[in-house]
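Hi,

Have a look at it before you read on.

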Amino acid sequence: VFRDVHDRRAGKVRYNQLFHTGNKTREWPTLLSPIAHGDTRTRTTNGTIINTFHPNYRKYIDLGIKKQLTDFLLANRSSVCATVWGHGGVGKTATVQAICEELGNRPSRAYDYVVFASAKDRYYDYYTGSIKSVTERTIDSYESLVRCINGTIGAETPDSIDSILGFDGKLLLVIDDFETFAGDDKRKIQEFVKRLDINRHKVLITTRANIITGLEFETNELQIESTIAFLIQVLSSEFPDFDIDQ
């Protein structure tokens, strides 16, 4: 029986079961409401709801692991979580951001919600060759991660993990720059990830440190040939008037 309109931005209605404890959700496209000005979420072309983030690239250049990660998110049933690790500047964040955007533009929807939660506290400015601080981080603790997820899925209790664990839908969570968390927060997040349901949840973690949760995807330094190809693509994208032959 009808319970309530759970999330107008996703057109989701909740129903209580009559003879069993629990509830189910169903989508009604006619109930979709437009994304309000100032909302921190976006509805993509295939209906995926993604929290707003700013890509750290103008044109994504694949460094060789995007297909592996995409296959993990769409077909792998062995683990709920995968960790992408490697030193700064090799494209970990850009890769997972590009995957999030592609998931939102696929013909069919793989996830109802995608949460990109960044703990990044610094970044490499390749125009100046310097490391700069990030003044506004999406998350900086386990508690802020829970609030970020609940805010994206439209949970009624922003500080409760029960709404996430019991979420009746497909959810992808990306935790960017995991190594910047304090030790206790790392432990809490890892314990939280272990409680997620592989049938409904997937997690991608990026980190500069060798702190592996779930499957491991290592990003290696570029070799000479791949460095040349990468630089040519950057120059073509960022500086279209540059003489590539030169």
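Below is what was found in it.

First, some ground rules: this is a predicted model, in which local features need pLDDT of at least 70 and side-chain atom pairs count only at pLDDT 80 or more, while totals for chains, interfaces and linings use all residues. Residues are numbered from 1 along each chain as its sequence is written, and side-chain values use heavy atoms, with hydrogens and water left out.

The protein chain holds six helices and twelve strands (DSSP runs numbered from the N terminus: H or I of at least four residues for helices, E of at least two for strands). Its radius of gyration is 19 Å, close to the 18 Å from the globule rule for 246 residues, so the chain is as compact as a globular protein of that length (C-alpha atoms are used, and the rule is 2.2 Å times the number of residues to the power 0.38). Along the principal axes, the C-alpha trace spans about 70 × 40 × 35 Å. Of the 246 residues, 43% are buried, meaning under 20% relative accessible area with a 1.4 Å probe, protein chains only.

The ring centres of tyrosine 113 and phenylalanine 167 lie 5.4 Å apart with planes at 75°, so the pair is edge-to-face (centres within 6.5 Å, planes over 60 degrees apart). It links distant parts of the chain, 54 residues apart: tyrosine 113 sits in strand β7, and phenylalanine 167 in the loop between α4 and β10. Tyrosine 113 is buried at 0% relative accessibility, and phenylalanine 167 is buried at 7%.

Best wishes

How values were computed:
Buried means under 20% relative accessible area, exposed over 50%, partly exposed in between (1.4 Å probe, protein chains only). Rings of Phe, Tyr and Trp (its six-membered ring) pair if their centres lie within 6.5 Å; planes under 30 degrees apart count as stacked, over 60 as edge-to-face and the rest as tilted.
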